[in-house]
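This report covers how the chains are arranged and what one of them looks like on its own.

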Amino acid sequence: MGKRKKNRKKERVKYSSLHQVPGQVTYVGNKVSEAPSIEIINYSKESVEKSQSNTIEDAFNYNENNSITWININGLNHTKEIEKLGKHYKLHPLILEDIVNTQQRPKIDDYDSYLFVVVKMLYYDDQKEFINEHLSIAVGENYILTFQEADGDVFDGLRDRIDNTKGRIRNSGPDYLMYALIDAVIDNYFTILETMGEKIELLEDTLFLESQEEGITQEIQDLKREILKIRRSIFPLREVISRLEKSEHPLIEEKTNNFLRDLYDHIVQISENLEIYREMTWGLMDMYMTTISNKMNEVMKVLTIMASIFIPLTFMAGIYGMNFEHMPELQFKYGYLCFWAVLILVFLAMLWYFKRKKWL
Amino acid sequence: MGKRKKNRKKERVKYSSLHQVPGQVTYVGNKVSEAPSIEIINYSKESVEKSQSNTIEDAFNYNENNSITWININGLNHTKEIEKLGKHYKLHPLILEDIVNTQQRPKIDDYDSYLFVVVKMLYYDDQKEFINEHLSIAVGENYILTFQEADGDVFDGLRDRIDNTKGRIRNSGPDYLMYALIDAVIDNYFTILETMGEKIELLEDTLFLESQEEGITQEIQDLKREILKIRRSIFPLREVISRLEKSEHPLIEEKTNNFLRDLYDHIVQISENLEIYREMTWGLMDMYMTTISNKMNEVMKVLTIMASIFIPLTFMAGIYGMNFEHMPELQFKYGYLCFWAVLILVFLAMLWYFKRKKWL
Amino acid sequence: MGKRKKNRKKERVKYSSLHQVPGQVTYVGNKVSEAPSIEIINYSKESVEKSQSNTIEDAFNYNENNSITWININGLNHTKEIEKLGKHYKLHPLILEDIVNTQQRPKIDDYDSYLFVVVKMLYYDDQKEFINEHLSIAVGENYILTFQEADGDVFDGLRDRIDNTKGRIRNSGPDYLMYALIDAVIDNYFTILETMGEKIELLEDTLFLESQEEGITQEIQDLKREILKIRRSIFPLREVISRLEKSEHPLIEEKTNNFLRDLYDHIVQISENLEIYREMTWGLMDMYMTTISNKMNEVMKVLTIMASIFIPLTFMAGIYGMNFEHMPELQFKYGYLCFWAVLILVFLAMLWYFKRKKWL
Amino acid sequence: MGKRKKNRKKERVKYSSLHQVPGQVTYVGNKVSEAPSIEIINYSKESVEKSQSNTIEDAFNYNENNSITWININGLNHTKEIEKLGKHYKLHPLILEDIVNTQQRPKIDDYDSYLFVVVKMLYYDDQKEFINEHLSIAVGENYILTFQEADGDVFDGLRDRIDNTKGRIRNSGPDYLMYALIDAVIDNYFTILETMGEKIELLEDTLFLESQEEGITQEIQDLKREILKIRRSIFPLREVISRLEKSEHPLIEEKTNNFLRDLYDHIVQISENLEIYREMTWGLMDMYMTTISNKMNEVMKVLTIMASIFIPLTFMAGIYGMNFEHMPELQFKYGYLCFWAVLILVFLAMLWYFKRKKWL
Amino acid sequence: MGKRKKNRKKERVKYSSLHQVPGQVTYVGNKVSEAPSIEIINYSKESVEKSQSNTIEDAFNYNENNSITWININGLNHTKEIEKLGKHYKLHPLILEDIVNTQQRPKIDDYDSYLFVVVKMLYYDDQKEFINEHLSIAVGENYILTFQEADGDVFDGLRDRIDNTKGRIRNSGPDYLMYALIDAVIDNYFTILETMGEKIELLEDTLFLESQEEGITQEIQDLKREILKIRRSIFPLREVISRLEKSEHPLIEEKTNNFLRDLYDHIVQISENLEIYREMTWGLMDMYMTTISNKMNEVMKVLTIMASIFIPLTFMAGIYGMNFEHMPELQFKYGYLCFWAVLILVFLAMLWYFKRKKWL
C-alpha cells in the first residue's frame, strides 16, 4: 500500500514539472543515471562495428554514406548531451523536447530528412511492477538514433541479428532497422498480455477463496488503472504505424511496407486482446459482488437454521419452567419423557424442512 | 476447472513463442501432426481428379491452365513443406508466416497474381469445447491453396458439389471456389450461434435452480470470454469480405460479386446475432445478483417469521417462570389455561400479520 | 415457460437449415401452407382488376405496359412456384434465395431493370406473441411483386386506396406503390412501439407489487431480447430507405423522393423511440434490485424490532426466574408490580426509539 | 401515479392515429381548440401593423413585397384552415402533414422558394409537468408562417423587439426573424436545463432522507425517460442548424450566418449539459442502492448489538434458573450480587467491543 | 453541503440570464469587480513597455505596426468598456457577446483580419473549490487582446519570458504569443489532473475506513459531475487547436504550426488521462458497494456467531429450569457439573466450527 502511494506521488511530480517554457529540453522522468550510456553500432553489408561510450562526441564520427549507424542513448536526464546530438543531426528543438518528455504519447513526426517516432516499451520488472519506458527513434538517411530512459531493453535479439551477415537487416536500409526495433517493442507487448491474463485469472480464483482479504476491490481497481494506462500506450501506436505505412516518405522503401502492414496486424491483435482483458476485468467487480452476497447468504443460513431450530425448543422448555400451580403435565409420570419426545420430533421436522429447502 | 487452466496456459505459451525474427516461418499453434496430410483436387468442366498424399512434391504436378487445382494441407507444424509449396507458387515470405501463425486475425492481402485470405473455422468439438482453427486460403489464376491446422473441416459438402458436373463450381473460376470455401466456413458460424444460444438459455435456467453451485459466476465470466473471442474472429471478416467485394482484382469475376455481397449479408447477420448474445450474457450477472438477493430475502423471511413468533411467546413463558412471591396469576385455577389461550391468540395474530404481508 | 423454449428451438432449427448450396432456393421459415395464395391486382388510371388464385401461372397474363400489376404471394414454402415466377420476371437466383430466406436482414439490391427490397413486418399476434414476418418486394417497370410468409398483412388500407380513382396511387407509378407498401409496414411499427411501452410500464408496476413472482428477471431478460431483435429488424431499414432515396434508379420518380424522405423521418423516429425503450428496459433490472433490497430492509426491520424489544424483556424475566436464595426483590410485596412497571417502561422506550428512527 | 398513467395512454393514442394515408393532413396531437387563433404581424423598416383573427382568410391580404408578414397560427387541429393557408403559400402537401404531425422530429426541408423548419418548444407548465410543443416555421421571400399547438409561447420578447424601429429585426429579412424565433426557442431550453438540474439535486437530497418512500426508483426511471425525450427533441436540432448554416439557400443572407453559427454553439452547449445531467441521473440509481444498503447495515447493527448483548446475559440468567439440587452458587450469600457484578461486566465488555468496532 | 447548494443556485442564475437579445453584450458570470483592471504590454524585438490602468481609453494608444500590443482586461462585468475596445479593434458584435458570456464553450472563429479563441482556465482555489474561468483571446496583426473574469491568472511565467530579449516570444509575431497563452492554460490543466488523481486516491482510501460517513456517495457523485464539467471545458479544445493548426489563416506563421501540433499532443494527452480518471471514478461506486456489503457480512457474522453459540446453550439451561416432577438428572449429585461439562463442549464445538469456516 505504502509503495503504491509512493509511485503515484512520483507521477504527480512528473505532471508538475511539465510547466515549462516551450521548446526547452527538460527531463521529467524519474530514472536518473550519472552518465549517459552510449552504444554505437555501425554496420554495412560487409562489416559490423560496435562500441560503448559515455561521451556523446564519440557518436559524431560516423557519417559515412555507405554504412548505417545506430546510436542508442540510455539516460534521458542528460539533456545537454541529447541537445548536442540533436544539433549534430539537425533535429528540431520540439523533437528534443519530446525525446526527454517521458509523458509524451506515441506519435510520428515526419520531417524532410528524417522520421521521428515515439513508442513505449512496456514490461514488468522483477518485482512484477509495471514499467512504462519512453523510447524515441529518429531515422535519417544513414543513421538511426534511439533514446531510452535506462539501461536494459528488448533489443538483444536484434543486436544478434545484426551480426548475421545474411540477415535481412544487414541487407536493408535504416527503415528496416526502425521496423525491427518497433517490432521488438510490440513483440514484447505480448508478454504484457500474458501477465495481464495471469493476473485476471489469479483474481478470478482469489474471489472464491474463503480467506480473501478486503483489499481485493483495490486490486481490481488498480488492475483497471493498469489496463487503461497500457491502452493509452498501445492505442496511439495503431495510428502511428498506419501513418508510417501510408506515408510516402522517401526513407521508407517499398519492400518495408509489407513488414509495416504485418506490424499493424500485430498491434491491432494486441489491442483486441487488451479489450477482452478490459471487459474481463470490468466484470470482476460484479463477480466479487455476487461472491460477497453468496457468502452473506451462507452466513444468514447458518443463523436462520440455528435460530429456527432452537428458538421453538427454548420456548417449549420455557413453558415447563413456569410456576403455575395447576400444570397437570408437570405431574405426569412420563411428562419429562414425553417432553423430550416432542422436542426431538420438532427438531427432526426442522431438519427435514431445511433439508428440503436445500439449505443443509 | 483443471482443464480450463491448462487451456489458458497453452494460450500463454503461444503468445510467448511469437517472439521471433520477422519473416521466419514458425508454427505457434498447439495441434501437431506427424506428417502433413495433403489433399489434391484437380477439376475442369469436363473432369475431376482427387488424390491424397503426405509429400508436398506431389502437389507440384498440376500446372495446366485449363483446370483448377485445389491443394489442401492439414498440419501447420510442417513449416518446411509449407515453405516449399510457398516457393513453388511464389508466395511472399510474410504470407508464409501468416499461414502458420495461428494467432493471425482474419485478413485479406492482395498481390498482383494471387489473393491471400485468412479466416477462422469455429466449432465446438465433441467435448463441447470451443475450437478456433486457423484457415488460410491463397487463390491464383488456376489454383487454390488451403492450409488448416488439423484434419477435419467443414468442406465435405463442397467436395461433393465439385463432383457434380452441372454445379456452379465446375463452371466457374477459382474465385468462386474461394467464395464457396468462405461460405462454408461462415455457414458453420450459425451452429456456433446456436450452441451459444443454448448455453445462455441453460445458464438462465440454472440461475433459478435451488441447488445451484457457486461456480456459476465463473461460467458466466467464461461465456463472456468465449463471446469476446468469437467476436474477435468474426468481426474482422466483415471488412475482409467487404474489401473482397470492392477490390477490382482481376481474379474476382464480375458475377462472383453478387455472391460476395450475399456473404457479406450473412456475416453482418451473424455479427448482429452475436451482439444480441453479448447483451444477453452481460445481463446474466445482474440476473444472478437478483436471484441471490431473492434467496437471501427468503432466508431472512424464515428467520424473521420464526423469531418474531417465538420470541414473544418465550418472553411470556419467561414471565411465569419468575419466582416472585406475589404473582396472583400463578395461583388462579385456570391460570395455565388462560396462559395457553393468550399464547395461541398471539401466535395466530402473528400468522395473520405475516400472511397479510404475503411472507407466508 | 414451456412455450418460450419451444420458440427458441424453432429458431435454432432455422439456423441449421441455412447450411445450403449458394443460390439454391430453400425455405427456412416455419410457416407452412398447403398451396400458395396468389393475389393479383392490376390497375391503371382508368380501371382496377382484382383476382385470387392458387396457381402461379395465372400471374403471367399481366404484361401490358399501360397498367401496373401487383402480384402478392403468401406462403414462402412453395419454392417451385416462386422460382417459376422469378424466371418469368427474370429475377436473379440470389434474389430468389433472399425471398425465401426468412433470416435475411432488411436490404436493398438495385438491378438494372428492377429494385429488390427486403423488409420485416413486425406485429404481435392474438396471444401477444411477437411475430417477425419476412416481406420481399420486387419492383419493375410495370409490375410489383410481394412475397409474404403467411396470409394476413398490413396492406388492407392500401388495397382500399387502390380502388379510389382519384388517389395518388392510381396516378403514380409502381415506385409509389412500393413506397406505400413500405409506409404501411413502418406505420405498423408504431403499434409495436406502443405494445413495447405498455409492457415496460406493466413491468415497472409489477416490480412494486408484494406478490411478485421470481420470474420477473426472466421477463426483463426476455424483453431485452425482444427489443434487440426488433432493433435488428428496424435499424438496417434506415440505410435501406436512405439508399432508396439517394439512388438515382430510373424506376424512382423525382416526386416520390419527397415521400421517401418522409419515410426516412418516420424510421428514424421509430429508432429513437426504440432506443428510449431500450434504456428504460435496461434500467428495469436496477429498479428490481433496489425493490428487492427495500423488501429485505423491511423484513430486517421487523426482525430487528421484534428481537430488540423482546430480547431485553425476556432477559428481565429470566433474572427473576433464577433460584438464588437471597434475592430480596422476590420477597417485596410489590416486586411483581414493579417488575411489570419497568417492563412496560422498557417496552415504551424501545417503541419510541424505533419511532424516532422512522422504522415504525 | 394515476396522472402519470393517463399521460402515457394519451401518447399511445397518438402513435395509433399515425396510421394514415400519406400526404393526408391529420392532426395527431391532444391539444384541441375551438377556433384557430391567428396573429398577423406585418412590418417593414418604416411601420409595424399587428392584428388578431380567427379566420384564415384574413391572412391572405399581406402580399406586398416591401414588407415582411409574420403569420402565427395557434391550434393545429384546424387542419382545413392550415390546408387553405398552405395552398395560398404553395406549401408542399407533405409539409402540411408535418405541420400537424406533432410526433415529427426537428428537421429542415429546403424548397426552391421557401424553407421549412420543425423545432420543439419545451417547457414545464404550472404543474411542473413537462410539455413538448410542436412548432413549424415556413419562411418565404417576404413572409414567415409559424404553427403552434396552443396559445402561449416564448416569443413575447421578440414581439416587443419588432416594435423597436432601430432593432436588427426591422432592418433584416425574414431569415433573421426565423433565426430570432429559433433563438427564442433554444434560449428557453436553458430553463429546461435548470429545472432538470433542480430535479436531480432534489432527488440526490431525497435519497438520504430517512422517511424516503419506495416510489423513488420510479421517479428516477421517469426522470431518465424525461431526459431521453428531451434529448430526442434537442439532438436533431444540431443537424438542423448546421444544415441551415451550410445551406446556400438564397433566402439566408450572408450576415445571418454568423448568428446561425452562434445558435449552433448554444445548441451544442445545451446538448453537452444534457449529457452531464444524463450521466448524473444514471448514477442516481447506484446512489440509491448504496443508501439502501447503508440503511440495512444500520438495521443489522442495531439487531446485532441488541442480540449480542442480551443473548449471553439471558443465558446466564437461564443457568441460575435451573433446578439442579446441587448448585452451590445458589446458596452463597452474595451469589445474587456476584451474578449482577458479572452481568454488568459482560455488558460493559460488549459495549466496549462494539464501541471499538465503531458500531455505536 | 450548504455551500454546494449555493454554488448550484448561482449556476442556475447564469442560465436564466441568458435570455437576451442576440448581439447584446450582457455579462452572465458571477465575478463582479468595481473597475476593470487593464494591463498593457507593448513589446518589440528591441523594447518592452508595461503599464496598468483602469480606463479603457489608455489601451487605444498602441497602434504602431512595428510592435506587438498585448492588452489584458480583467473583469467581464464592465461590458461598456469591452464594447468600446471592441469598436476600436473592429470586433464583430457576436464576438463581444462571446467575450462576456462565461457559459460559452471553447471555440475558434476566424475573421479576415483577426482570430478569436475562447478557452477555459481551470484551477482549484485556496478552498480546493473548482474554478472555471472564461478566457477570450483576440489576435490581430500587431495586437492581442485577452479578457478574463477576474484578477489572477496563469500567465506570470509568460510575462517574465517577454522581458527576456532573446526569448522566442520577442522574436515572433502575435500568433506565437497566442500559442504561448494557450500553452500556459493547458499546462495548468496538468495540475487539475493531479488534484483529480489525489481526490480519487483519497476517496479510494476513505472507502475502506471504518468511520466512513454516509456522504461519500454524494462526494463520488460530485466528483463525477466535476469530471464531466472539466471534460466539457477540455474536449472542445482539441478541435479548436486542430483547426488552428490546419487553418491557413495569414496570421499563423508556418513555424508556429509545429508548436501548435505540440499543443495538440498535450491536449490529447490530458483528455486521455481525464478519461482514465473518469473510468476510475465511475468504478468507485462499485467499490463502495462491495465495501458496504463486506461490512454487512462482518456484522452478520458477529450476530450469527453470538446467536449460534448462545441460543443452544440457553436452550440447555431452559431444559433444566423446567419443573417436571420426574427429572432424574436434577437429583444426580454431579448433574450440575455434567451440565457445565456438556455446555463447554458445545461451546468449543461451535468455536471450532466457526474457526473452520474462517469466520473467526
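How far apart are the nearest C-alpha atoms of chain B and chain E, which do not touch? In this predicted model, the nearest C-alpha atoms of chain B and chain E are 9 Å apart. Chain A and chain D likewise make no contact, and their nearest C-alpha atoms are 9 Å apart.

The copies use different surfaces, since 17% of the contact residues of chain D recur in chain C.

Chain A is described next. Its secondary structure consists of nine helices and seven strands. Chain A has a radius of gyration of 34 Å, whereas a compact globule of 360 residues would have one near 21 Å. The C-alpha trace of chain A spans about 120 × 40 × 30 Å along its principal axes. Of the contacts in chain A between residues at least 6 apart in sequence, 68% join residues at least 24 apart.

| Property of chain A | Value |
|---|---|
| Buried residues | 63% of the 360 residues |
| Accessible surface | about 14,500 Å² |
| Carbon and sulfur atoms, part of the accessible surface | 53% |

Charged side chains in chain A number 44 positive and 54 negative, and the centres of the two sets lie 6 Å apart.

Definitions and conventions:
Residues numbered from 1 in each chain as written. Chains lettered and ligands numbered in written order. Predicted model: local features only at pLDDT ≥ 70, side-chain atom pairs only at ≥ 80, totals over all residues. Heavy atoms only, no water. Contact = heavy atoms within 4.5 Å. Helix = DSSP H or I, 4+ residues; strand = E, 2+ residues; numbered from the N terminus. Rg over C-alpha atoms; globule rule 2.2 N^0.38 Å. Buried < 20%, exposed > 50% of the residue type's maximum accessible area, 1.4 Å probe, protein only. Areas by Shrake-Rupley, 256 points an atom, 1.4 Å probe, with all protein chains shown as cover. Lys, Arg positive; Asp, Glu negative; His and termini not counted. Charge placed at Lys NZ, Arg CZ, Asp CG, Glu CD.
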